[in-house]
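Here is a short report on packing in a predicted model. Look at the sequence and structure below before reading on.

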Amino acid sequence: MMENKRRDRVQAMVVRNDKILLVKHRMRGREFFCLPGGGIEPGESCEEAALRELKEESLVDGTIVRKLSIQFKPRNLGEVHTYLIEIADDAVAGPGVDPEFPPEKQTIIGVEWLSLEEIGEADKAYLWASGLNRIDFFHEKLLAMENKIFK
């Protein structure tokens with residue numbers, strides 16, 4: 001049985017024209033989208049890690065705007081730090097690699113700019129938890145959502 005050990009991680013949230021840059025993965029028989037991100041290397045700051053992960057997984061350079069959130073992983077296995085990052089207007093994202101996996105087992109199969117309406121409910125829940133609601137456009141969308149109470 002594989003031992004779970006604590007490892008802090010980072011995520012890069014990049015928004016352009018009200019769409020979010022997401023990396024598409026295929027892993028363990030399923031496909032899903034997530035923010036570019038991964039583990040923090042020894043001696044690396046959270047900010048450095050977020051910019052490195054963005055470059056590795058989506059082939060673009062960015063600049064930190066601000067921290068959006070800190071989440072705590074289940075079973076106290078680490079923290080996830082999410083940063084709002086801007087990239088150049090002419091930057092073109094593409095599928096990079098996840099160095100945590102060997103070349104023959106790469107999980108990254110694409111990158112896409114998706115609107116909130118194009119994102120599945122489970123993936124969207126992770127984005128809200130990552131601080132999406134702290135970006136003006138998405139905060140306004142959240143305030144406009146219907147808020148029925150079911151009893």
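## The largest nonpolar core

A nonpolar core is a set of buried Ala, Val, Leu, Ile, Met, Phe, Trp, Tyr and Cys residues joined through side-chain atoms within 4.5 Å. In this predicted model, the largest such core has 17 residues. Val10, Val14, Leu21, Leu54, Val60, Ile85 and Ile87 have the most contacts inside it.

Five elements each supply at least two residues of this core: strand 1 (9-13), strand 3 (19-27), helix 1 (46-58), strand 7 (79-86) and strand 8 (108-114). Helix 1 gives the most, with 4 residues. In soluble globular proteins, nonpolar side chains tend to be buried together.

## Val14 and a separate core

Val14 is one of the residues with the most contacts inside the largest core. What does Val14 touch, leaving aside its neighbours within four places in sequence? Its contacts are Lys19, Ile20, Leu21, Leu54, Ile85, Ile87 and Trp113.

Another core lies apart from the largest one. This other core has 15 residues, including Ile20, Leu84, Leu127 and Trp128.

## Helix 2

Helix 2 spans residues 121-129. Which of its residues are buried? They are Asp123, Lys124, Leu127 and Trp128. These four sit on the same side of helix 2, because they cover an arc of only 140 degrees around the axis. Ala122 and Tyr126, on the other side, are exposed.

The buried residues of helix 2 pack against strand 1, strand 3, strand 4 (30-34) and helix 3 (136-144). Gly131 follows helix 2. The phi of Gly131 is positive, near 110 degrees.

Terms used: Residues are numbered from 1 along each chain as its sequence is written. This is a predicted model: local features need pLDDT of at least 70, side-chain atom pairs count only at pLDDT 80 or more; totals for chains, interfaces and linings use all residues. Side-chain values use heavy atoms; hydrogens and water are left out. Buried means under 20% relative accessible area, exposed over 50%, partly exposed in between (1.4 Å probe, protein chains only). Contact means heavy atoms within 4.5 Å. The arc is that of the directions from the helix axis to the C-beta atoms.
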